[in-house]
Amino acid sequence: MKKLHTLGLMALLSTTLVFSHGNVTPQPVDTKGLAPLGTAWLETNPYVGNETAIEIGKHAYAENCARCHGLEVVSGGVAPDLRYLDPGVEGDQWFMERIRGGAVRNGNVYMPKFEGIISQEGMWAIRSYLFSVKIDH
Ligand code: HEC
């Protein structure tokens, strides 16, 4: 009995650890409350400064990106610190290229692709959140 108890505790502890860094499987994002964007991909973020988008993006980031890019966008060095992303149109485009396609080099998946899992609305919501914590450079 005692051994079982310890195992249960360990399972509980490791679950807590995993969750504190977000889920491992890419998660869809609930974008209720945001204006739908249609099917064409936009070149620039339509939700800059939109409080609802920032809030949705914050949760979506914690679930999908934090385990590599760091909790609250402070990178621990595993992946680039997204607070330094270009705040302008170039940053918008680079962000979309990466989040849609991921990053694969020499057959190694450094970052998974999120196209087909997170909607365009969810992606721009994450960009809005990142923009809200950006560091000027
Ligand atoms: C499994 C780890 C992992 C996850 C999860 C992940 N990324 Fe990444 N991401 C990386 C790595 C590693 C790179 C650098 C890739 C390279 O150097 O080619 C990167 C690069 C990027 C870049 C380009 C940054 C730059 O400075 O060039 C953006 C933007 C980005 N990720 C956004 C996101 C977003 C948004 C999410 C969540 C939806 C996410 N990533 C989830 C690992 C991850």
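Predicted model: local features only at pLDDT ≥ 70, side-chain atom pairs only at ≥ 80, totals over all residues.

Trp-94 places a polar side-chain atom 2.7 Å from an oxygen atom of the ligand. Arg-105 has a polar side-chain atom 2.3 Å from a ligand oxygen.

| Residue | Ligand atom | Distance |
|---|---|---|
| Trp-94 | oxygen | 2.7 Å |
| Arg-105 | oxygen | 2.3 Å |

In total, 20 residues surround the ligand. Cys-65, Cys-68, His-69, Arg-105 and Met-111 are the closest.

**The iron site**

Which protein atoms are donors of the ligand's iron atom? They are NE2 of His-69 and SD of Met-111, at 2.0 to 2.2 Å from the iron. The site has six donor atoms and is octahedral, with angles of 84 to 179 degrees among them. His-69 belongs to helix α3 (residues 66-69) and Met-111 to strand β2 (residues 108-111), so the pair ties together parts that are 42 residues apart in sequence.

His-69 has a relative accessibility of 10%, so it counts as buried. Met-111 has 18%, so it counts as buried too.

**Confidence**

Mean pLDDT for the protein is 87. Of its residues, 82% reach 70 or more.

Is Arg-127 buried or exposed? It is buried, because its relative accessible area is 2%. Arg-127 sits in helix α5 (residues 120-132). Its side chain joins that of Asp-92 through a polar contact of 2.6 Å. Leaving out residues up to four places away in sequence, Arg-127 touches Asn-45, Leu-85, Asp-86, Pro-87, Gly-88, Gly-91, Asp-92 and Phe-95.

Val-78 lies in the loop between α3 and α4 (89-101). Val-78 is exposed, because its relative accessible area is 68%. From Val-78 to Arg-67, the C-alpha to C-alpha distance is 9.0 Å. These two residues are eleven residues apart in sequence.

Technical notes: Residues numbered from 1 in each chain as written. Heavy atoms only, no water. Donors = N, O, S within 2.8 Å, 3.2 Å for Na, K, Ca; no water. Tetrahedral: all angles 85-135°; square planar, octahedral: opposite > 155°, others 65-115°. Helix = DSSP H or I, 4+ residues; strand = E, 2+ residues; numbered from the N terminus. Buried < 20%, exposed > 50% of the residue type's maximum accessible area, 1.4 Å probe, protein only. pLDDT = per-residue confidence, 0-100. Near = heavy atom within 4 Å. Polar contact = N/O pair within 3.5 Å; in protein donor to acceptor, adjacent residues only side chain to side chain. Contact = heavy atoms within 4.5 Å.
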